[in-house]
Amino acid sequence: MSDQSHTLPIDLEQAPAFAGISGLERRAELRRDTARLGALRELAQTRILPLWRGRPLICETGLGLLAPDHALFAEQDGPEIFLGEAGGVFYFARDVSDFEPEGPVPDSTVFFDPSEQHHPSLPVSHVFSELRGAMARLDVLEAELAATARGMFEWHRSHGFCAACGSASEIADAGWVRVCPSCKRHHFPRTDPVVIMLITKGNSLLLGRSPHWPEGMYSTLAGFMEPGETVEKAVRREVAEETGVVVGPVHFVTSQPWPFPSSLMLGCHGEALSTEITVDPEEIEDALWITRERLLEVVAGRDKVISPPRVGAIAGWLMRQWLADRLD
């Protein structure tokens, strides 16, 4: 099928969102240097990314990065995180979730909420928007900044109490640590490893869908790793649990940070040893095999049942690479 690669309706060289080489240096040595970090934060060229309830500020050119003295920060004193430095510019993120916008607020019950929120101190072109819908428009630096900020603020939101003694913990080290004032335990950000696997057998690919997904959305299978598992074993277990398909050889392909809320997607290619599907309804709603030829129609947006994979997600990247014979 390599002769069909030129017909694919997308750039095959485009990496999954959040996974490119951005040039961002995390500069961890500055996180405990409160005085120096405070001075760097006030530099005119420093930029701060505001996030409202997990939604980064987006403008027509990408991220809505603001100067340190912007009026928005004078009225919103939520927690702030030092993200790092790139090209001599220092980057921070500020949580402005206390702001109450006019108009629609996000619906947490849907897979993707397209609503946008605007703050009166900002141009009309600057809105707080769901990162899933904007990730394909961000350059590699903006993508890493947004993914890091979203994942970190979600961690702070969900880990406000010490796991050892239950006391309220406090933010330290420029946002990268939570410290319990009672038992002195230090807590660090967590990332959950998830295997996401392109399972093939000959000319066919295995896809599945979750019941809460939009109509027509199918994707590669995925699941959280369990303690004590290798990546390969997790791939075989998840596929067997969800579909009953037995998987043989597995190899790792690439990874993608996925800040929804804080996962690391471990992209793999597995070769199936069986084709019979027995869906576990507690895991997924449906699963099916499709041919390479049909996948080409799916990616091109011409299939009548299956919608194209979301641009930027590692699942779609794996599919397109397989179509072009570029996985091995």
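**Ground rules.** Helices here are DSSP runs of H or I with at least four residues, and strands are runs of E with at least two, numbered from the N terminus. The model is a predicted one, so I kept in mind that local features need pLDDT of at least 70 and side-chain atom pairs count only at pLDDT 80 or more, while totals for chains, interfaces and linings use all residues. Residues are numbered from 1 along each chain as its sequence is written, and side-chain values use heavy atoms, with hydrogens and water left out.

**The whole chain.** I found seven helices and 15 strands. The radius of gyration is 22 Å, close to the 20 Å that the globule rule gives for 328 residues, so the chain is as compact as a globular protein of that length. (That radius is taken over C-alpha atoms, and the rule is 2.2 Å times the number of residues to the power 0.38.) Along its principal axes, the C-alpha trace spans about 60 × 45 × 35 Å. I then checked burial, where buried means under 20% relative accessible area, exposed over 50%, and partly exposed in between, with a 1.4 Å probe and protein chains only. Buried residues make up 50% of the 328. For contacts (heavy atoms within 4.5 Å), I looked at pairs with a separation of 6 or more: residues 24 or more positions apart account for 63% of these.

**Helix α1.** Which residues of α1 are buried? In this helix, residues 34-41, they are Leu37, Leu40 and Arg41. Seen down the axis, they fall within an arc of 100 degrees, so they line one face of the helix; the arc is that of the directions from the helix axis to the C-beta atoms. Their cover includes β1 (47-52), β4 (80-86) and β5 (89-95).

**Thr46.** This residue sits in the loop between α1 and β1, and its relative accessible area of 0% makes Thr46 buried. The side chain of Thr46 reaches back to the backbone oxygen of Leu40 at 2.6 Å, a polar contact (a pair of N or O atoms within 3.5 Å; within protein, one must be able to donate a hydrogen and the other to accept it, and residues adjacent in sequence count only if both atoms are side-chain atoms). Beyond its neighbours within four places in sequence, Thr46 is in contact with residues including Arg41, Leu66, Pro68 and Phe92.

**Helix α6.** Just after α6, Gly301 takes a positive phi of about 80 degrees.

**Strand β12.** Its covered face holds Leu221 and Gly223, and its uncovered face holds Ala222 and Phe224. Strand β10 (residues 192-201) runs antiparallel to β12, joined by four bridges; pairing asks for at least two DSSP bridges. Val195 stands opposite Gly223.

Where does a cis peptide bond turn up? I found one joining Phe260 and Pro261, with omega about 10 degrees; Pro261 lies in the loop between β13 (247-258) and β14 (263-272). Phe18 is not a glycine, yet has a positive phi of about 70 degrees. Phe18 belongs to the segment before α1 and, at 7% relative accessibility, counts as buried.
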